[in-house]
Amino acid sequence: MSIEYTPWPEDLAAHYRAQGYWQDKPLTSILYEQLAHNGQGIAVADANRQLSYQQLDDYSSNLAAQLASQGLQSGDTALVQLPNCVEFYISYFALLKLGVAPVCALFNHQRTELQSYCEILQPKLLIVSSAQALFADESFTHELYNRFACISHIMVDHSKGNSELKQAYLQTRTFNAPKLNPEDVAFFQLSGGSTGTPKLIPRTHNDYLYSVVASRDICQLHGDTRYLCALPAPHNFPLSSPGALGVFAAGGSVILASDPSPSHCFPLIERFAITHTALVPPALQLWLQHAQQSQHDLSSLALIQVGGAKLSRTVAEQVRPLLGAQLQQVFGMAEGLVNYTRHDDDDELVLTTQGRPISPDDEIKVVDEHGQPVAPGEAGRLLTRGPYTFRGYYKSPQHNASAFDADGFYASGDLVKQLSSGHLIVVGRDKDQINRGGEKIAAEEVENHLLGHQHIEQVAIVSMPDATLGEKSCAFVVAAEKLTPLQLRKYLRQLGIADFKVPDKFQFVANLPLTAVGKVDKKALRATFDGQA
Ligand code: OOB
């Protein structure tokens, strides 16, 4: 049985095939294609271990065979939550090989997020890590088994020592690979979100493979590329833009860092002679601050990609002088569209734009609030469709009705300007989301949690400017009784939401300003921070 998703219209699908974007190959071909000539090449390493392409293939097949023997089969779904470790890619490829579509949660997701993903996806299998406090003992796994009848197995990995996951992939087994249909959903990406409930993005083999291979070529990755993966491995940027999958498709090596701090990454850069990496702007700023005093040799760095949130020109200008590497701006989204500045772009474009789309068939519309195209070069809302931009969130007909226009263009919620060269400049946002240094917070989701508090009557969460993160979050709260920020932070943590979603500031007010139509006037609330940061 195939997993349901909104397909591309037949005429567009035929066009994407005719243009050679969709190759009708499964995503696993990335791995298979390295085996013949590069089996002994290093695919992935962390500070303690390394795996050749052959090992990554063998281990993922062993695990797939074990999961098949436990009843997992094509069309099933899984939830994976692992830190940046080689097991992440072993598990990812094992599930792809089996035709089991995983959603890969971020490692800082907590109880509430994991439960929502289980709710939407009804997974049969969980692969998680005891390095995450939630799985340090068995109470949460029991809770999940009790609450979700769909779950037949939870595999807990232990970062140190043996574990069921390690036993499963290390034990040689024969794996009878099922035939995969490249039109099927390969896995689910996580949406940054702008609504009350998290949304999942079905990504097919055909569309994702195209974005990976085209990104590999745009970024000119090759067999000697050594890519430092310092952002959370499942995020679309370090997974596919070109990310680890692009590096595998080029036969290079992925080196995993557990976090993007200079103290952690600089020694790895020297030790592995890292050539490429991907950072969010706040991490880049830390690298820039530490580069000059650093004792570590960073001279191997050739390309530093920066994306996930807006990069300021002043910071962008420091990349080459201080880190000795070329800068590439990346403006992408888990829903599809990814833009890159190119190697042959002049400095001005690289410093001031967020790049241009991967594909000649990425269609971009920049429209006003009535959906009408703005004059060339003017700012407007970004709409897009193309060969790797999804056509609908998983099981969300209501939200899909407003997230797409009548022609199937997805409204990303970004305000952009497009230059005649095709390059986009992100100038703002019209979605109810806070971009906290690349980490996305759906305001409504956190507002709903706070509204569950017995003494809170109204709440509105907006961004406030922050010198380091770009934006932080502030909750304006109308409360029936006196409350303190500490109490509310504790309340949210007890509910089990990811730490980055807990508002940085709570402001208690008598009432919230309203717009003419009676909605909370978030613009007015944001304006209270004008001139700050
Ligand atoms: C990436 O993906 P998501 O899904 O976490 O977030 C997408 C949103 C965009 O709609 C935009 O609002 C913002 O993040 N964004 C940027 C940006 N890159 C992403 N805003 C300004 N400048 C940029 N360079 O964040 C993502 C996915 C693939 C590659 C790179 C980033």
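Student: Which residue stands opposite Ser-253 in β10?
Tutor: In this predicted model, Arg-226 is the residue opposite Ser-253 of β10.

Student: Do tell me about the strands there: how many bridges join β9 to β10, and do they run parallel or antiparallel?
Tutor: Strand β9, residues 226-229, is joined to strand β10, residues 253-256, by four bridges. The two strands run parallel.

Student: And what about β9 and β11, over how many bridges do they pair?
Tutor: Over two bridges, and again in the parallel sense, β9 pairs with strand β11, which covers residues 276-279.

Student: Which residue stands opposite His-276 there?
Tutor: Tyr-227 has His-276 of β11 opposite it.

Student: Changing topic to the ligand: how many residues surround it, and which are the closest?
Tutor: The ligand is surrounded by 19 residues. His-235, Val-330, Asp-414, Lys-431 and Lys-440 are the closest of them.

Student: How do those residues divide into nonpolar, polar and charged?
Tutor: The shell around the ligand holds seven nonpolar residues, eight polar ones and four charged ones.

Student: Which backbone atoms lie by the nitrogen atoms of the ligand?
Tutor: A polar backbone atom of Gly-308 is 3.0 Å from a nitrogen atom of the ligand. For Lys-310, a polar backbone atom is 3.5 Å from a ligand nitrogen.

Student: And what lies 2.9 Å from an oxygen atom of the ligand?
Tutor: That is a backbone N or O atom of Ala-334.

Student: How much of the ligand's accessible area does the protein cover?
Tutor: On its own, the ligand has 600 Å² of accessible area, and the protein covers 96% of that.

Student: Which elements give two or more residues to the shell?
Tutor: They are α9, residues 236-240, and β13, residues 326-333. The most comes from β13, which gives four residues.

Student: On to a helix: is α5 mostly covered or mostly uncovered?
Tutor: Helix α5, residues 111-121, is mostly covered, with nine of its eleven residues buried. Among the buried residues are Glu-113, Leu-114, Tyr-117, Cys-118 and Ile-120.

Student: What follows α5?
Tutor: Gln-122 follows α5, and the phi of Gln-122 is positive, near 50 degrees.

Student: Last topic, the domains: what does the assignment give?
Tutor: The domain assignment gives domain 1 as 31-40 + 51-180, domain 2 as 359-429 and domain 3 as 433-527.

Student: How far apart are the C-alpha centres of domain 2 and domain 3?
Tutor: Those C-alpha centres, of domain 2 and domain 3, lie 28 Å apart.

Technical notes:
Residues numbered from 1 in each chain as written. Predicted model: local features only at pLDDT ≥ 70, side-chain atom pairs only at ≥ 80, totals over all residues. Heavy atoms only, no water. Near = heavy atom within 4 Å. Polar contact = N/O pair within 3.5 Å; in protein donor to acceptor, adjacent residues only side chain to side chain. Areas by Shrake-Rupley, 256 points an atom, 1.4 Å probe, with all protein chains shown as cover. Nonpolar A, V, L, I, M, F, W, Y, C, P; charged D, E, K, R; others polar. Pairing = 2+ DSSP bridges. Domains from an automatic or database assignment. Buried < 20%, exposed > 50% of the residue type's maximum accessible area, 1.4 Å probe, protein only.
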